[in-house]
Amino acid sequence: MVIQELKPSKRVEGRWLAVLEDGSILRVGEGEVVDFALYAGKELSDEEAERLQAAACRGEWKRRAIELLMRKPQSRKELGRKLREWEAPDGEAEAICDRLEELGYLNEAEYAGRIVRHYAAKGFGERKLRDELYRRGVPRELWEEALAQVEDNSETIDAFLEKKLKGGRDPKDIKKVSDALARRGFRWPEISDALRRYGMEVWD
């Protein structure tokens, strides 16, 4: 199989288009151009063409993975799932994740901290934070360090009570607000302490 033309892509920086004699186009990265010494007129054996195609796929999966991580941090589990959606075999997906961890693009500890800070800032409690870490596939051994970044929740709960109750003391309203705080991931000891600060008598 002969490469009829080799030219840079106008759409994607760092990508080259190898136009083959049968009219098909092989999209390769700069690394593949160098590693396989590609040039217009070069004849590829079936074995070389197969290896080049595999290398081009790996390069494309890696490029897309890096773009995704730069745009939206991921856990290893999330990134692996995305790579498989892009039709990367399990072994290739794992190898790409390993490499991106080595390069620092994939950093689950930092990602866990981001998740915790984001939801804590939105006024959610620890149970919600743990649910999000679990849902996103963050390894459990990273949870406690991430959760330690959250400061005392008392001000958040106090502000929520004041906003919803507006100084009222109706038991029905108190029950609704307490239930709402529980749904947001706060534990009963935190809620009951806040109710006491609000001036309500609470039986644990």
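**Figure 1. Contacts of Met200 in the predicted model.** Met200 touches Arg169, Ile174 and Leu195, leaving aside residues up to four places away in sequence. The structure shown here and in the other views is a predicted model. Met200 is placed in the segment after α10, the helix of residues 188-197.

**Figure 2. A lysine over the ring of Phe124.** Lys128 is placed over the face of Phe124. The distance to the ring centre is 5.4 Å.

**Figure 3. Pairing of strands β1 and β2.** Strand β1 covers residues 3-8 and strand β2 covers residues 15-20. The two strands pair in the antiparallel sense, over 5 bridges. Within this pairing, Glu5 stands opposite Val19 of β2. The hairpin of β1 and β2 has 6 residues between the strands, and Gly14 in this hairpin takes a positive phi near 85°.

**Figure 4. Pairing of strands β2 and β3.** β2 also pairs with β3 in the antiparallel sense, again over 5 bridges. Ala18 stands opposite Leu26 in β3. In the hairpin of β2 and β3 there are 4 residues between the strands. Gly23 of this hairpin has a positive phi, near 95°.

**Figure 5. Surroundings of Arg15.** Arg15 lies in strand β2. Its relative accessibility is 15%, so Arg15 counts as buried, the limit being under 20%. Residues touched by Arg15, not counting those up to four places away in sequence, are Pro8, Ser9, Arg27, Val28, Glu60 and Arg63. Among these contacts, Glu60 is also listed with the residues closest to the centre of the largest pocket.

**Figure 6. The largest pocket and its lining.** The largest pocket has a volume of about 400 Å³. It is lined by 19 residues, of which Gly29, Glu32, Ala56, Gly59 and Glu60 are the closest to its centre. At least two lining residues come from each of β3 (25-29), α1 (30-35) and α2 (46-71). The element that gives the most to the lining is α2, with 8 residues.

**Figure 7. Leu79 in helix α3.** Leu79 is placed in helix α3, which covers residues 76-85. With a relative accessibility of 0%, Leu79 counts as buried. Leu79 touches Ala65, Leu68, Leu69, Gln74, Cys97, Leu100 and Leu106, when residues up to four places away in sequence are not counted. The C-alpha atoms of Leu79 and Ile66 are separated by 9.9 Å, and these residues are 13 apart along the chain.

**Figure 8. Positive phi at Ala37.** Ala37 is found in the loop between α1 and α2. Its phi is near 50°, a positive value in a residue other than glycine. Most residues other than glycine have a negative phi. Ala37 has a relative accessible area of 42% and is therefore partly exposed, a class that lies between the limits of 20% and 50%.

**Figure 9. Positive phi at Glu87.** Glu87 is located in the loop between α3 and α4 (90-103). Here too phi is positive in a residue other than glycine, with a value near 75°. The relative accessible area of Glu87 is 66%, so this residue is exposed, the limit being over 50%.

**Figure 10. Ala121 in helix α5.** Ala121 belongs to helix α5, residues 108-121. At 68% relative accessibility, this alanine counts as exposed. From Ala121 to Glu5 the C-alpha to C-alpha distance is 54 Å, and the two residues are 116 apart in sequence.

Methods:
Residues numbered from 1 in each chain as written. Predicted model: local features only at pLDDT ≥ 70, side-chain atom pairs only at ≥ 80, totals over all residues. Heavy atoms only, no water. Lys NZ or Arg CZ within 6 Å of the ring centre and 35° of its normal. Pairing = 2+ DSSP bridges. Buried < 20%, exposed > 50% of the residue type's maximum accessible area, 1.4 Å probe, protein only. Contact = heavy atoms within 4.5 Å. 1 Å grid on protein atoms, 1.4 Å probe; cavity = no way out; pocket = protein on both sides within 12 Å on 5 of 7 lines; lining within 4 Å. Points joined across faces, edges and corners; volume = space filled by probe spheres on them.
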